[in-house]
Amino acid sequence: MTLRVAIQMDPIEAVNIASDTTFLMAETAQARGHRLWVYDFRTLALEEGRLYCRAQPVTLRRVVGDHVTFGEEARLDLGRDVDVILMRQDPPFDMAYVTATYLLETVHPHTLVVNDPAEVRSAPEKLLVTRFPDLTPPTLITSDPVQLNDFHRRHGEVVLKPLHGAAGSGVVRLRADDPNLDALIEIHAAGSRDPLVIQKFLPAVSRGDKRILLVDGEPVGAINRIPAKDQVRSNLRVGGTAAPVELTPRDLEICAAIGPTLKERGLIFVGIDVIGDWMTEINVTSPTGAQQLKQFTGIDATAVMWDVIERKRSAQVA
């Protein structure tokens with residue numbers, strides 16, 4: 001079946017076609033004969049119960065510097081003119097992002113939104129993971145300096161990060177006797193009312209932070225993200241290096257534990273982060289790693305995703 005697909009994303013003309021997961025999603029869809037549009041979430045407009053956006057049709061090719069051709073802009077009725085919406089703009093997970101999920105909820109599931117916007121809103125990356133305390137390192141989420149300092153004293157070496165940060169932004173490692181926690185709390189509070197996450201430091205991060213991709217609750221494959229020397233952040237956008245890696249029995253145990261929840265919530269394309277034996281995040285907004293997985297193993301997680309989407313759409317129209 002041919003699907004009409006609208007992709008809510010950051011400017012496609014600026015993506016790195018060798019590493020961007022959304023580009024691979026779109027490229028895979030195009031190869032299957034699906035029609036593609038892209039739009040900026042800021043053009044969403046709810047009028048008299050109908051949700052619209054200003055979108056451009058696109059044709060893609062894997063040519064650096066010449067990877068997209070745009071058609072004429074049109075106003076799409078997202079409840080009538082498209083079959084599938086990929087919500088793939090990058091965080092910050094702020095009120096603008098949250099509002100976009102409310103708007104997309106007005107057309108889902110009649111128009112299938114991937115991932116389910118209500119569930120994305122209810123599952124911030126560093127909060128959903130706390131539903132599985134047996135799979136995670138000791139973690140505290142709070143704005144309270146007293147409790148943050150108490151956690152630091154009890155657990156020694158820790159990692160501090162903003163609750164709604166992404167791509168390694170704002171992640172800091174604190175030694176057991178580090179005097180800077182209060183200053184970091186003050187700096188964060190000056191720019192945000194969001195809580196902080198403080199987590200026991202996992203020395204295994206020096207061997208890598210594994211990104212495991214799951215589609216409809218099932219593991220598809222993984223890559224390892226190795227931090228630069230003397231760094232705690234392994235995210236590829238901040239200098240981490242991708243490497244091939246195999247799924248371990250512990251990885252499969254983690255996936256089996258969380259998979260039913262992801263499937264039930266309509267979180268079709270998810271990336272989890274695993275350091276050593278512990279899961280640290282469940283990424284549901286715009287998880288990455290699919291291009292590197294395909295390069296290392298030949299496994300195309302986006303093809304698996306489109307298989308699922310096509311089955312769901314077929315079931316809807318049957």
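**Exercise 1: Glu48**

With 79% relative accessibility, Glu48 is exposed, because the cut-off for that label is over 50%. Keep in mind that you're looking at a predicted model.

Solution. Now the background: most residues other than glycine have a negative phi, and most peptide bonds are trans.

**Exercise 2: Asp216**

Task: locate Asp216, give its phi, and decide: is Asp216 buried or exposed?

Solution. First, the loop: Asp216 is found between strand E13 (209-215) and strand E14 (218-226). Second, the torsion: Asp216 isn't a glycine, yet its phi is positive at about 55 degrees. Third, the accessibility: Asp216 has a relative accessible area of 12%, so it is buried, given a cut-off of under 20%.

**Exercise 3: cis peptide bonds**

Task: what omega does the bond joining His108 and Pro109 have, and what about the one joining Val114 and Asn115? Then place Pro109 and Asn115 in their loops.

Solution. Take His108 and Pro109: omega is about 5 degrees, and the bond is cis. Pro109 sits in the loop between helix H2 (95-105) and strand E8 (112-114). Move on to Val114 and Asn115: this bond is cis too, with omega about 0 degrees. Asn115 belongs to the loop between E8 and helix H3 (117-121).

Methods. Residues are numbered from 1 along each chain as its sequence is written. This is a predicted model: local features need pLDDT of at least 70, side-chain atom pairs count only at pLDDT 80 or more; totals for chains, interfaces and linings use all residues. Side-chain values use heavy atoms; hydrogens and water are left out. Helices (H or I, at least four residues) and strands (E, at least two) are DSSP runs, numbered from the N terminus. Buried means under 20% relative accessible area, exposed over 50%, partly exposed in between (1.4 Å probe, protein chains only).
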